[in-house]
Amino acid sequence: YQRRVREPTNNNEKMNHELSATAKYLSRVLLYKNNDADALARLQAAISARLSARFTGHFYPANPRRGQAFRCVSYDHETGVFDKTIRDALADAGVEASIHPRQASFTLWCDPGQVVVQQKHMPEHVLYKHQPSPPSPVQQPAVSPSRIPHQNAQKTALFHQQPAVPMQMLPPLTPVQSPPRHSHTFQHTANQRYVDYVF
């Protein structure tokens, strides 16, 4: 009996949108006081590269919940410490973190098809959610005038030759009172998610 060893699955090419949304959010948090566009771009690239290497073999589109704990990224406001992957990305980009002093602690989950962040005592916030592309409409073949049957062409010619009905001969329109329109009232609750798509 020979035991089969399951090789890790590499789906890095399938998580570009998830990595982009994660890197964009984290870089904005880390460089809150830094308006240098070049530094922001370098940090986003460094975070994407570090997380891509970290998630190799731990990204399962068929089972998004699998490996959630390994893929989460956290920040502790009391200690001011990010996890090691983000600290390494800061070093790779050559920038120093400038976080807002009131930035709350948060946990971010980068899962296949969805990126969610939750700050302390706050509801979850969806940074990215995959939307399947709608099916393309079926295009009907265009019919050229030369292919219209001869009988249809005659009927079309007769229709255009008929005189138009004068407007004064038409019966007057009776006003119709439409029913009142109802509006929906949304009430935010602690369990409601707010969607913000990032591509």
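Colleague: How many bridges join strand 1 to strand 3, and what makes them count as a pair of strands?

Modeller: In this predicted model, strand 3 covers residues 106-111 and is joined to strand 1 by 4 bridges, with the two strands running antiparallel.

Colleague: Which residues of strand 1 belong to its covered face, and which to its uncovered one?

Modeller: Strand 1 runs over residues 72-76, where V73 and Y75 form the covered face, while C72, S74 and D76 form the uncovered one.

Colleague: What makes the contact between R42 and D38 a salt bridge?

Modeller: The side chains of R42 and D38 meet at 2.4 Å, N to O, and since the cut-off for a salt bridge is 4 Å, this pair qualifies. Both residues lie in helix 2 (residues 37-55), where they are 4 residues apart, about one turn of the helix.

Colleague: Why are R42 and D38 called partly exposed?

Modeller: The name is used between 20% and 50% relative accessible area. R42 has 33%, so it belongs in that range, and D38, with 47%, therefore belongs there too.

Colleague: How do you know that D88 and R50 form a salt bridge, and where in the chain do they lie?

Modeller: Their side chains meet at 3.8 Å, N to O, which is still within the 4 Å cut-off, so the pair is counted. The pair links distant parts of the chain, for D88 is in helix 4 (residues 84-93) and R50 is in helix 2, 38 residues apart. D88 has a relative accessible area of 21%, so it is partly exposed rather than buried, a term kept for values under 20%. R50, at 33%, also counts as partly exposed.

Colleague: What does the salt bridge between R50 and D92 tie together?

Modeller: The side chains of R50 and D92 meet at 2.6 Å, N to O. R50 lies in helix 2 and D92 in helix 4, so this pair ties together parts that are 42 residues apart in sequence. D92 counts as partly exposed, at 46% relative accessibility. R50, D88 and D92 belong, together with K84, to a network of salt bridges, and a search of the whole structure finds 6 salt bridges.

Colleague: What does helix 1 give to the lining of the second largest pocket?

Modeller: Helix 1 (residues 16-30) gives the most to that lining, with 3 residues. The pocket has a volume of about 160 Å³ and is lined by 12 residues, of which K14, M15, E18, G113 and Y128 lie nearest its centre. By class, the lining has 5 nonpolar, 4 polar and 3 charged residues.

Colleague: Why is H121 called exposed, and what is its phi?

Modeller: H121 has a relative accessibility of 74%, and since exposed means over 50%, the name applies. H121 lies in the loop between strand 4 (114-119) and strand 5 (124-129). Its phi is near 60°, a positive value in a residue other than glycine. Most residues other than glycine have a negative phi.

Notes. Residues numbered from 1 in each chain as written. Predicted model: local features only at pLDDT ≥ 70, side-chain atom pairs only at ≥ 80, totals over all residues. Heavy atoms only, no water. 1 Å grid on protein atoms, 1.4 Å probe; cavity = no way out; pocket = protein on both sides within 12 Å on 5 of 7 lines; lining within 4 Å. Points joined across faces, edges and corners; volume = space filled by probe spheres on them. Nonpolar A, V, L, I, M, F, W, Y, C, P; charged D, E, K, R; others polar. Buried < 20%, exposed > 50% of the residue type's maximum accessible area, 1.4 Å probe, protein only. Pairing = 2+ DSSP bridges.
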